[in-house]
Amino acid sequence: MAMLSSSSSHALLRLHHHPPLRHLAVTATTTSYRRARIRLTVPTPKLPSPISSSPDPPPDVAHDDEQEEDHKEDRDDRYGFEIQVRKLPKPNRRLVHARVRVDAPLEAVWATLTDYEGLADFIPGLSECRLLDQGASFARLYQVGEQDLALGFKFNAKGTIDCYEGEMQLLPAGARRREIAFKMIDGDFKVFEGKWSVEEVDGGEISADQEFQTTLSYVVELEPKLWVPVRLLEGRICNEIKTNLVSIREEAQRIQRLQDE
């Protein structure tokens, strides 16, 4: 749920150059006291290149982005978690697919996911989640994400997100699925949109040691504002997505255990 971003600041550089005197040549005769001739050579200082305030990436940043891998994957079998990051043709844009296994029914996961004002209570990186507006199958949220960095610094981001709740879909073999489409309409990303998906398979496909087999999936297409290289944010974004999915998983399973008691 939490969104991460990075911002850049521009500063005016002033150059104070005090070049040393060098190439000092003194010529004098040994038989007279004629005035010595001194030749000074002072190097011409190089001025720094101007700092660009353009929203487009500098050429070297754009070139580095072209050299990156097109596809990255990671997984954590403890939670049945998988994540894939794919570089899109448009510069500085990524498509992220992630999913986690949840041992709770679809209804418990859906109730956890749509408890919008309660999300910040159990998702560590989400410091605030306010419900700004709500209608039939619609919610507008204001979210603030925050992470602790080294030396006591914090990394945070904010955004307003529109969420559209879909109806229940009946799939072959008795499976069911329900989705939430979302889009950031204001915030720290130029593009941030995707969907949450909760899918439960029928009992015939569940292993003997599991009562439920539900998968929570998350897909997002994102692009930071300005020319901040998204490759510098990938690791932090992927860690945040994993934290979000695992936190929702644990909360849904906790709620289900309470209902079973």
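**Cysteines, rings and salt bridges**

Visitor: How far is the sulfur of Cys-129 from the closest cysteine sulfur?
Guide: The distance is 8.0 Å, and the closest sulfur is in Cys-163. That is too far for a bond.

Visitor: What kind of model is this?
Guide: This is a predicted model, in which local features need pLDDT of at least 70 and side-chain atom pairs count only at pLDDT 80 or more, while totals for chains, interfaces and linings use all residues. Residues are numbered from 1 along each chain as its sequence is written, and side-chain values use heavy atoms, with hydrogens and water left out.

Visitor: How many disulfides turn up in the whole structure?
Guide: The search finds zero. The cut-off for a disulfide is two cysteine sulfur atoms within 2.5 Å.

Visitor: Is Cys-129 buried or exposed?
Guide: Cys-129 is buried, at 8% relative accessibility. Buried means under 20% relative accessible area, exposed means over 50%, and partly exposed is in between (1.4 Å probe, protein chains only). Cys-238 is buried too, at 19%.

Visitor: New topic. Where is Ala-157 found?
Guide: Ala-157 is in strand β8, residues 154-165. Strands (E, at least two residues) and helices (H or I, at least four) are DSSP runs, numbered from the N terminus. Ala-157 is buried, with a relative accessible area of 4%.

Visitor: What separates the C-alpha atoms of Ala-157 and Val-144?
Guide: They are 5.7 Å apart, and the two residues are 13 residues apart along the chain.

Visitor: On to rings. How many aromatic pairs are there?
Guide: The whole structure has five. In one of them, the ring centres of Phe-189 and Phe-192 are 5.2 Å apart and the planes are at 55 degrees, so the pair is tilted. The rule covers Phe, Tyr and Trp (its six-membered ring), with centres within 6.5 Å; planes under 30 degrees apart are stacked, over 60 edge-to-face, and the rest tilted.

Visitor: Are Phe-189 and Phe-192 buried or exposed?
Guide: Phe-189 is buried at 4% relative accessibility. Phe-192 is buried at 6%.

Visitor: What about Trp-196 and Tyr-218?
Guide: They form a tilted aromatic pair, 4.5 Å centre to centre, with 50 degrees between the planes. Trp-196 lies in strand β11 (residues 189-200) and Tyr-218 in strand β12 (residues 214-224), so the pair ties together parts 22 residues apart in sequence. Both Trp-196 and Tyr-218 are buried.

Visitor: Which residues form the aromatic cluster?
Guide: One cluster is made of Phe-182, Phe-189, Phe-192, Trp-196 and Tyr-218.

Visitor: Switching to charges. How many salt bridges?
Guide: The structure has 21. A salt bridge needs a side-chain nitrogen of Lys or Arg within 4 Å of a carboxyl oxygen of Asp or Glu.

Visitor: What is the N to O distance for Asp-77 and Arg-75?
Guide: Their salt bridge is at 3.1 Å. Asp-77 is exposed at 56% relative accessibility. Arg-75 is exposed at 52%.

Visitor: Which residues are in the salt-bridge network with them?
Guide: Arg-75 and Asp-77 are linked with Glu-82 and Arg-99.

Visitor: And where does the Glu-107 and Arg-176 bridge sit?
Guide: That salt bridge is 2.6 Å, N to O. Glu-107 is in helix α2 (residues 106-113) and Arg-176 in strand β10 (residues 176-187), distant parts of the chain 69 residues apart. Glu-107 is partly exposed, at 42%.

Visitor: What does Lys-195 meet in a salt bridge?
Guide: Lys-195 meets Glu-179, at 3.2 Å, N to O. Lys-195 is in strand β11 and Glu-179 in strand β10, 16 residues apart. Lys-195 is partly exposed at 36% relative accessibility, whereas Glu-179 is buried at 18%.
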